Amino acid sequence: MNKKIIVVDDDEGILDALEAMLDVAGYQVVTSLDGEILEKLHKDSLPDLILLDVLLSGKDGREICSRLKKNKITKNVPLIMLSAEPTAAYGAKQCGADDFLAKPFETKKLLAKIDGHITELN
Amino acid sequence: MKIKKRSTLEHNSKSNQTKISQKIPPEEKKRYLRLMESTNIIPWESDAQTGKFTYIGPQAEKTFGYPLKDWYSDTFWVDHIHPEDREWALNYCLIALKTKKEYEFEYRMLTKTGKEIWLRDIVTVTTNTEGKKVLSGFFIDITEQKKAEDLLKASEERFRALTTATSDVIYRMSPDWSVMRELQGRKFLADTGKPVRNWLKKYIPPKEQKHVMNTIKEAIHTKNIFQLEHQVKQADGTLGWTFSKAIPILDQKGKVTEWFGAASNITKRKHAEEALKNAITLRDNFISVASHELKTPVTSVKIFTQVLQQHSEQIGDERAKKHLEKMDKQLNKLTELIYDLLNVSKIQAGRMEFKEKEFNFDDIIKEVIDVLQAGETKHKLIIKGKTNKKVYADEDRISQVLSNLVANAIKYSPKADKVIIHLSSNNKNVSVCVEDFGIGLAKKHLGKIFERFYRVFDTTDKTFPGLGIGLYISSEIIKRHHGKLWVESNTRKGSKFHFSLPLKHIKK
């Protein structure tokens with residue numbers, strides 16, 4: 001079965017592009033503009049990985065990340081944070097993200113990171 | 001000096017037979033004369049009618065330079081009064097002679113060498129036994145005193161001119177600043193004509209009072225200049241800004257007698273500065289937001305480009321793949337420009353962050369060159385030498401500098417096929433030199449190429465694209481690492497860009 005990835009970003013253009021990229025790479029993709037889907041995760045609906053933007057409109061990706069990493073159910077799901085601000089790397093580490101990548105990036109680099117985290121977990 | 005007792009004197013020289021006073025015993029007269037002769041006060045006697053001296057104190061010879069006998073010639077006195085004083089002095093004498101028993105006046109006489117001597121002449125008019133009017137008196141040399149007075153007068157004059165001519169507020173404070181003695185406000189501040197104690201409340205807004213008083217206390221303590229830029233209540237009641245400076249006036253014992261100050265109106269300048277600061281903050285925030293917003297669509301386009309690239313590879317469309325590769329390269333350029341824009345605004349605002357850590361210098365150089373070489377087909381990037389050092393710096397920023405220098409080297413040597421990166425070190429620095437074999441730089445550009453937005457425009461050179469901020473950013477990064485960035489260049493032979501970083505920053 002294809003691995004499932006949840007992608008959260010407040011920009012539709014990014015969501016479209018990431019969905020296309022991950023789809024071509026053979027992942028099952030769920031996208032969300034506001035991250036609410038991450039609040040409702042339960043044991044049976046856990047993704048294999050989460051891609052999360054740092055600055056969402058009206059929400060802070062770092063807070064969402066902290067909550068997920070404190071939650072027993074979700075804490076083991078690999079989470080990669082993305083941001084157009086390279087200096088956000090520090091904040092991403094602080095809130096417990098497993099990885100960080102600054103936008104724009106090489107798709108190969110992101111795919112390698114995703115693959116690495118998913119393989120590591122299994 | 002006050003001379004209360006005026007007395008006539010008798011001279012014992014042979015040429016003078018006049019007996020003026022019979023009342024004083026000769027012994028006492030002699031003693032008195034000797035006493036006078038030992039001072040700078042020159043006694044004299046003369047005939048009131050003719051003005052001819054009948055006696056002159058011997059010190060006159062030393063003071064004026066004329067032999068004593070000359071003084072007894074008929075018109076000696078009149079002849080040797082300073083020409084400018086002669087007429088009025090003579091007139092004054094004639095009138096005083098008729099109306100007064102005693103008088104004194106000040107005038108100048110000329111010495112033998114033509115020097116001016118200021119004299120205070122104290123004169124007593126008496127009548128001798130023959131019923132003739134006789135004058136006796138003293139010359140007091142007041143030249144030094146006059147000079148000092150003139151100097152003081154000139155300096156007072158200048159001071160008055162200065163305080164009138166200046167557009168600055170002028171103020172005077174008591175030694176402990178408890179009392180403002182005077183303030184001329186020049187319409188900027190309200191005047192204070194009489195000494196007041198409530199000056200702090202009158203001129204300084206409450207939130208500035210503590211700051212101002214602390215600076216004053218410091219000045220009083222050190223007896224040093226008080227100097228401060230602070231807000232002030234203007235004459236019209238609104239708040240303004242002043243640059244105020246006061247100096248302590250000391251007496252001869254070094255005790256402060258007064259503080260004299262001048263304060264200029266810098267309200268307009270301050271407001272302009274504030275407006276500029278706000279404008280810069282606004283601009284930097286705008287650039288920061290704009291570059292962030294630009295990155296989002298670029299990210300999206302880049303992902304699609306690479307997805308398409310992969311797709312065209314899978315279906316074997318080589319042409320499409322090539323085109324998409326070129327597109328991707330352009331996107332990378334666009335990304336770099338966006339970063340440059342952001343970096344410049346950060347440097348300008350002093351907000352560029354550095355994350356320093358220790359790293360192996362040669363490894364990072366090789367890493368950067370490998371990445372650059374991967375995207376470069378024409379030029380071979382050759383590393384020569386080694387530093388064998390670890391440095392404590394911001395790895396990413398140093399990589400950025402090297403990328404910038406190498407990218408420039410490639411860009412400005414379109415006909416060459418290599419760029420050499422020389423590495424060296426000593427016990428103080430690591431050094432990198434990026435050498436190209438391109439168009440080089442004319443001398444006139446060398447000093448300016450590290451300036452912001454500077455681009456080489458030459459009638460002979462073709463122009464090259466760019467914002468002209470790459471080298472500026474690089475030089476700022478190296479500066480912040482306490483290193484050096486410099487260039488050697490020859491037109492048409494190529495350029496050598498060097499940078500060095502100090503090793504002393506290594507933290508263990």
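This is a predicted model: local features need pLDDT of at least 70, side-chain atom pairs count only at pLDDT 80 or more; totals for chains, interfaces and linings use all residues.
**View 1. The open sheet of chain A has five parallel strands.** Reading across the sheet, the strand order is 2-1-3-6-7. Strand 2 (28-32) and strand 7 (99-102) of chain A sit at the edges with a single partner strand each, so one side of each is left without a neighbour in the sheet. From one strand to the next, the twist averages 20°.

View 2. To find your place, look for A:Met81, which stands opposite A:Phe100 in strand 7 of chain A.

View 3. Chain B contains 13 helices and 17 strands. Of its 508 residues, 43% are buried. Among contacts in chain B with a separation of 6 or more, 54% come from residues 24 or more positions apart. The chain exposes about 30,200 Å², and carbon and sulfur atoms supply 54% of that area.

**View 4. An open sheet of chain B has five antiparallel strands.** The order here is 2-1-5-4-3. Strand 2 (53-56) and strand 3 (102-110) of chain B are the edge strands, each pairing on one side only. Neighbouring strands of this sheet are turned by 25° against each other on average, direction ignored. Strand 4 (residues 116-127) and strand 5 (residues 133-141) of chain B pair in the antiparallel sense over nine bridges, and one handy landmark is B:Arg120, whose bridge partner in strand 5 of chain B is B:Ile140. Helix 4 (residues 83-99) of chain B lies across strand 3, strand 4 and strand 5 of chain B. This helix runs at about 160° to strand 3 of chain B.

**View 5. Strand 1 of chain B is largely enclosed by the rest of the structure.** Seven of the seven residues of strand 1 (residues 41-47) of chain B are buried, which is why the strand counts as largely enclosed. In a regular strand, the side chains alternate between the two faces of the sheet. Both faces of strand 1 of chain B are covered: B:Ile41, B:Pro43, B:Glu45 and B:Asp47 are buried on one side, and B:Ile42, B:Trp44 and B:Ser46 on the other.

**View 6. Strand 1 of chain B pairs with strand 5 and with strand 2 of chain B.** With strand 5 of chain B, the antiparallel pairing of strand 1 runs over seven bridges, and B:Asp47 has B:Val134 as its bridge partner. With strand 2 of chain B, strand 1 pairs in the antiparallel sense over three bridges, and B:Glu45 has B:Tyr55 as its bridge partner. The hairpin of strand 1 and strand 2 of chain B has five residues between the strands. In that hairpin, B:Gly51 takes a positive phi near 80°.

View 7. B:Ile249 belongs to strand 9 (residues 239-250) of chain B. Its relative accessibility is 34%, so B:Ile249 counts as partly exposed.

How values were computed:
Residues are numbered from 1 along each chain as its sequence is written. Chains are lettered from A and ligands numbered from 1 in the order in which they are written. Side-chain values use heavy atoms; hydrogens and water are left out. Two strands pair if DSSP finds at least two bridges between them. Helices (H or I, at least four residues) and strands (E, at least two) are DSSP runs, numbered from the N terminus. Axes are lines fitted to C-alpha atoms, for helices over the stretch in contact, and angles run from 0 to 180 degrees between N-to-C directions. Buried means under 20% relative accessible area, exposed over 50%, partly exposed in between (1.4 Å probe, protein chains only). Contact means heavy atoms within 4.5 Å. Accessible areas come from the Shrake-Rupley method with a 1.4 Å probe; for residues, only the protein chains shown count as cover.
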